[in-house]
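Welcome, and thanks for taking a look.

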Amino acid sequence: IGEDAMGQQKFAAESCVTGKWAGAVADRCRRAGFFCAEFFHRDWRRQMIEAVVFESTYNLVGAVHKHVPVSEVHEFFGGEVDDMLYEIQRGLRGHLAVTLLSGFEERMAAYAAAQKRSKTDNRLSSCSGSSPYRNAFFYAISTDALAREFPDPSPTHTEYWEFARENGLLAD
């Protein structure tokens, strides 16, 4: 297909495999003409969680600031985004035992700057407040910690999330 926003080569029907039989499955896919990458499970999991963290953080900060485009969020609100990213990273380390690779803040900022979407997309139904895969997931980590009388691992995210929910900045 060509290169994505980060300069990585992208393929049609791109897939990846993990696990015991990853090599065999990848070989079969390649023989059939499909691109198939092989990953160790922890690396794949880390990449998927990093993508969720990016979508959650940049869209939430953009929505709270009057639906600023994703490409401009770090430019104007970089300090807020970085604080939220560090807090979420800390929560992930304690809750899921996942640590994002060093330099994740710079990777996310570069990816955001390369985005050409016109607005943040928190009003889409797939990104709603009830979605368990994005902001609600990180909010659940915070509420779980508070229920067990531990400090909130990501107070900035909690504050922004509650503000966005109370002010109707997100889809229901």
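H3 and H5 cross in a left-handed sense. The contact draws on Ile 88, Gly 91, Leu 92 and His 95 from H3, and on Phe 137, Phe 138, Ile 141 and Asp 144 from H5. Please keep in mind that this is a predicted model.

**The helix crossing**
- The axes of H3 and H5 lie 11 Å apart, and the two helices pack at an angle of about 65 degrees.
- H3 is therefore roughly perpendicular to H5, as angles of 65 to 115 degrees fall in that class.
- Sorted by class, the residues in the contact of H3 with H5 are 5 nonpolar, 2 polar and 1 charged.

**The nonpolar core**
- The largest nonpolar core holds 30 residues, and Val 53, Tyr 58, Leu 60, Val 61 and Met 108 have the most contacts inside it.
- Helices H2 (41–64), H3 (70–95), H4 (104–114), H5 (135–147) and H6 (155–166) are the elements that each supply two or more residues to this core.
- With 8 residues, H3 is the biggest contributor to this core.
- Leaving aside residues up to four places away in sequence, Val 53 touches Leu 85, Ile 88, Leu 92, Leu 100, Met 108 and Phe 138.

**The chain as a whole**
- You will find 6 helices and 4 strands in the chain, in the order β-β-β-α-β-α-α-α-α-α from the N terminus.
- Of the 172 residues in the chain, 40% are buried.
- Among contacts with a separation of 6 or more, 57% join residues 24 or more positions apart.

Methods:
Residues are numbered from 1 along each chain as its sequence is written. This is a predicted model: local features need pLDDT of at least 70, side-chain atom pairs count only at pLDDT 80 or more; totals for chains, interfaces and linings use all residues. Side-chain values use heavy atoms; hydrogens and water are left out. A nonpolar core is a set of buried Ala, Val, Leu, Ile, Met, Phe, Trp, Tyr and Cys residues joined through side-chain atoms within 4.5 Å. Buried means under 20% relative accessible area, exposed over 50%, partly exposed in between (1.4 Å probe, protein chains only). Contact means heavy atoms within 4.5 Å. Axes are lines fitted to C-alpha atoms, for helices over the stretch in contact, and angles run from 0 to 180 degrees between N-to-C directions. Angles under 35 degrees count as roughly parallel, over 145 as roughly antiparallel, 65 to 115 as roughly perpendicular and the rest as oblique. A crossing is left-handed if the near helix is turned anticlockwise from the far one by less than a right angle, and right-handed if clockwise. Ala, Val, Leu, Ile, Met, Phe, Trp, Tyr, Cys and Pro count as nonpolar, Asp, Glu, Lys and Arg as charged, and the others, Gly among them, as polar.
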